[in-house]
Amino acid sequence: MSSVWNVPSTLPFVDAVADGLLTRYGDDPLELAAVTVILPSRRAARALRDACLRRSDGAALILPRFATLGDLDGDDSVLAGTLDLDLPPGITTLRRHMLLAELIRRAPGLTDGDASVPIDQAARLAAELAELLDGFQTSEVPLARLADLVPSELAHHWQDSRRFLAILDTAWPALLEAERAQDPSARRVRTLHTLAERWRSEPPADPILVAGLVDTSPAVLALLRAVRDLPAGAIILPGLDTRLDPASREAVETAPSHPQHMLRRMVRGLDIEPEAVPDWPVADRLPCGAGARADLMSETMRPATTSEAWAALPPLAAEATRGLAVEVCPDLPSEALMLACRLREALEVPGRTASLVTADRGLARRVAAELTRWDIDVDDSAGTPLDQTPPGQFLLLAAHLIEDGADPVNLLALLKHPLARDGDDQGRFRERVRRLELRLLRGPRIAGGIDAVQAELALRSAAPGRRPQASADLSDLAGFLDEIVAKALPFTRLADRPERDLRELLHAHLALAEWLGSANLWAREAGEAARRFVAELDEAAQGLGPIAPRTYPGLLAVLMAGIAVRPRWNRHPRLAILGVIEARLQHADLVLLGGLNEESWPRALEPGPWLSRTMRERIGLPSLEEPIGRAAHDFVQQACAPDVVLSRAEKDADLRPTVPARWLERLRVVLQGERGPDGAIAFDAAMPWSARLEAALVPPITPAGRPQARPPVAARPRRLSVSDVELWMRDPYGLYAKRILDLAELDPLDADAGAAERGTLIHDVLAAFAAGFDGTPPDDALDRLERLGRDAFARFAHRPHVHAIWWPRFLRIAAWYVERERERRPAIGRLAVETRGELALPGPAGPFTVHGRADRIEMLQDGGYAVIDYKTGTPPSAKEVAAGFAPQLPLEAAILDAGGFADLPAAAVDSLEYWQLKGGTEAGRIAQATPADLGAGEAAARLLDQLIRRIAAFDRRETPYIARPFLPFAPRANAYDHLERVKAWAGEEDGG
C-alpha cells in the first residue's frame, strides 16, 4: 500500500483528507484518536478539524491529534512528549531583531569613522538579515561558504556585505552563546532531524500522517522520508499534477517559478516518481470540481520553453470555464465594491460559503469596509500590522513627541486620537483640545518646542485689554496645556542628550501614553498585542547600547510593522477574507481571487540588501524564483474551485496604471476567445459595479443650479470693508457665506507663510518706514528700511526657507522703494500711511457704511491727491477697475472726496496707482489703476453710483446673493467654492 498520496487540485484538500481519515479510522473512535496529523500551520489544523466535524454530520467524534510543523517541540505540541532534546531555547523574535540591529550598528565597513548606523535604519536592515539567516539555516548552508565568493569578482558594496556576513559566522554564534539561546530556524531544523532519527530507530505504532506540506528543505525532507518508511505513515500532497507531458516534466525540473517545481522536487526527494503517486481515496459523495478546469490551469501554467504547444490546443471542454469569471475593474475602489457585492450575493444562498483571497492588504481592508454597508463584519485573517492598529498608532504618535513635540499636526493627531482620554472626562478633554487647536495651533507654527507653545499661550492669557471671558478661556487652556507638558516632560526632556538608554526611553514613553490614553489602550486583540510588544521590547532591550532619542519613533515603527495582529476568530460564519498563506488548504463554495496584478500577486523579486542573485546561487541558497512557484501553486489550487472569480484593477490606490498578473495574461492567451457555457470570459474593463449599484439603488439625480440665497433684509450686512465690497461685486454668495452665515476658513495646520503673510509683512515694514521721517529720505534710508525688515523677518526665524526666498526679494524691493521715495517726496506736501476711513451711503433699509484702510495717500504740493495701494501679487487690470470688480482704490478715493479719512481734508483725487512689489528681476513697478480715458474722480463717482444702486437692490428680499454671476470676473481664490458647487453647474450655465 502506498505511503504517499495526492489530493487533486479539483478537490477541497481538507475535506478530502477528513473524508479519508474517517473512512479509514472512523469506525473505531479510539483508533481515530490515536492518529497524529502534521500540518503546515495552525490555521490548516483548525480547517481540518472543522472538516472532520462537518464530515461527521453532527455525530460525537474524538478527533485525531493535530501538530503543526512550526511548533513540533513546543510545550503545547502533541509530540512534545516524544522528544527529549538537550537544546538551548529559541531566542525570541524581538530580542533577535534587536541584537542583529546592534551588530549592524557597530559593524566595521558599514559605518564612517566612529559613527554608527542609526538604530531605526539598523532595525530595517536587521529584519532583512534575520530573513537571510533563516534562509541559511533552513537550507542548511553554512555561513562559512561565503568564503567561496571571490572578492575580485564582486562590486565594492557587495564586498563590504560579504565581509560583514563573514563576521556573522563568528560574531553571531558568540552572541547566541552569551544569550544561552539558539536561532528558531536552527532549532527547528535540529528538532526535525532528531524526530526523523527517532522515528527511524523507534517507529511509532500509531498512524502518523503529514498533510499539505510543500517544502524541499533538507530537514523537512528527512522527516518526510521517516514518515514514508513508518508502518502506519502517510504523506498527503496538495495538488500534484501527474498529467504533464514529457517535455513539460523536464522543463519543470529547472523552472523554480512553475507551480509544480517544488512538489516534484519533494516527491523525487522521497525517491518516488511523481507520476507514480496515486490519488487519495475519498468517498464518492465528496463534491468535486471539474477536471477540465484543472486541465485548463495546467495548460495555463505550461513552462515557457514548451509554450509553442498553445498554437495547437484542442477545443476546451465546456466544464473548463463553467463557474469561472474574470472581472477587470477600472480602479481599486471599484474592484473592492465588486468583490464585496460578490460576497454579499453568496449569502443569498442558504449555507453557501465564500472567501476572498488576496495578497493586497489594502484591497482586503477596502472590501471589509464595503461589507459594512450591509452590516457584515468580516476580519482580514492575514492580520493588520501593529503600527496600523489604533493602539499602535497611538503609541507611535506619543513617541513622536520626543522628535517634534511642537508639530501641530502630530500633537493634534495624538490629542484627538480615539484612545486619548477615553473615559469620564473625554468630552471636556476633547472640547479643550478643539479650543487649543483654533486658538493657537492653526496657522504658522510657533517657533520652538512644545514649551514655546506653552509660553505663547501664557503670554496671550496675561495680555491686557482682553475681555474677561476671553482671558478666562485662555487661562483655562494655559492650565490644560501646562498639564499636558508636565506629563510629557519626563519623556521629551530625554532628547536633551545625544544618546539615551532604550529602556529609559520606553518607560518614559509608556508612562505618558498610559496617562494620556485609556483603559482601552490594552484592550482586545490589538491592545493585547501592543502590551506583549512593549513587554518583550523592554526585555529585549536589556544590555543594548544607547540610542539617539530622535531615532526612537522610527525604531518603534519598524518593529511594530513586523507584528501582525490577527483576529482570534472569524466574525462571520460563511464569509472570509484571507491572505495567500492563510488561504492554503482552505475551502469555500465561492472563491474570489483579488488584486491579480504584478508586484502584488506574485510579489516582486527582491534579493535583499545583503546578497545579490549571483551570490545566492554560488553559495547554494534556494532560488529567488521559488516563492513565485509557491504563489503560482496557491493560485492554481484556488482557481480550480467550482466557482471562481479572478479580478484586478487597472489602476492602483494612487491611480497609477497596473500590470496584470502573469497568470491572467497566460490564461488570456490559452483561452484565445474560447467560449464557456455563459459566453466569452471578458478580460476587458466592464461597467463598474459601483455604477450598477448606484443605478439600481439611487434614483436619477438632477443637479441643482447656481446657488441663490435670499436671507431676510434684516440679516443682511449694513457695514462692509472695501475688500468685502469687492467680494460682493464678484461673488455675492461668497459674501453671504462670509458675513451672513459667518463662515470663516480655518487656517491650515502647520501652515507655511504664504502670499498673505508676505504681503502683510511688506506692508507693515513699508508703513513703518514711510511714517518714520518727513520730507526727503535721510542718507541712511536704505539701512533703516533693511533694519525694519530684519526685525519683521525675525518672526519667521523658525522657517529657514522664508528667509532664504523672501529676504533677497525684500532687499530688491527696499532699494526700489527708497529710490521712489527720493523721487516723489520733494513733491509731497503731506503723506498718510495705513490710514482708516469710512463712508455712509443711503439705502432703503437705512444707512450703509463702507470702510477701508489706505496703504498710502499723497497730498501733493500743488494740491492734488494720489491714492496708492501696494500689491505683492498681481494687481487688478484697469478693465476690472473700470467695470467695478476691483473697487478698492475708487472707493478710497470716494471716501477721501467725502472727507471720510481722519485728519485728511475732503479733496478730489487726481491719481489712483498700484505699486507692484514682487522683488524679482523687476523689483517694483507703478501702474495706473484706471484706463487712460477714465479719470480717478470719474472712476470714483461711477463706482459710488454703482454701489448705491446695488445697496438699493439688495435691500429687497427678492434680490438673491447669487454665486459667481459673472464667471470671467469671479474671485481668483475663494474659500467658498465647495459651498457654491461650482463644478456642478458651471458647465450647464452661460455664467451671465
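Which side chains meet in a salt bridge with an N to O distance of 2.9 Å, E821 and what partner? Select E821 and R825: their side chains form that salt bridge, at 2.9 Å from N to O. The term stands for a side-chain nitrogen of Lys or Arg within 4 Å of a carboxyl oxygen of Asp or Glu. Colour the pair by accessibility and E821 comes out buried at 0%, while R825 is buried at 6%. Here buried is under 20% relative accessible area, exposed is over 50%, and partly exposed is in between, with a 1.4 Å probe and protein chains only.

Before moving on, a word about the model. It is predicted, so local features need pLDDT of at least 70 and side-chain atom pairs count only at pLDDT 80 or more, whereas totals for chains, interfaces and linings use all residues. Residues are numbered from 1 along each chain as its sequence is written, and side-chain values use heavy atoms, with hydrogens and water left out.

**The whole chain**

Zoom out and switch to a cartoon. Along the principal axes, the C-alpha trace spans about 120 × 70 × 60 Å. Of the 992 residues, 51% count as buried.

**Helix 1**

Now select residues 13-25. This is helix 1, with 13 residues and a reach of 18 Å from first C-alpha to last, close to the 18 Å expected at 1.5 Å a residue; the expected span is 1.5 Å times one less than the number of residues. Helix 1 is mostly covered, with 11 of its 13 residues buried. Among them are F13, V17, L21, L22 and Y25. To see what covers these buried residues, show strand 1 (4-7), helix 2 (29-33) and helix 3 (42-55), which are included in the cover along with strand 5 (233-238).

**Salt bridges between separate elements**

The count of salt bridges comes to 63. For one of them, pick E275 and R264, whose side chains meet at 2.9 Å, N to O. E275 sits in the loop between helix 10 (261-269) and helix 11 (291-300), R264 is in helix 10, and the two are 11 residues apart. E275 is partly exposed at 26% relative accessibility, but R264 is buried at 0%.

Next, go to D476 and R428, where the closest N and O atoms of the salt bridge are 3.2 Å apart. D476 lies in helix 19 (residues 468-492) and R428 in helix 17 (residues 426-441), so the pair ties together parts 48 residues apart in sequence. Both ends are partly exposed: D476 at 22% and R428 at 47%.

**Last stop: L313**

Finish in the loop between helix 11 and strand 6 (324-329), where L313 is found. L313 is partly exposed at 27% relative accessibility. Leaving out residues up to four places away in sequence, L313 touches E299 and V670, a contact being heavy atoms within 4.5 Å.

Terms used:
Helices (H or I, at least four residues) and strands (E, at least two) are DSSP runs, numbered from the N terminus.
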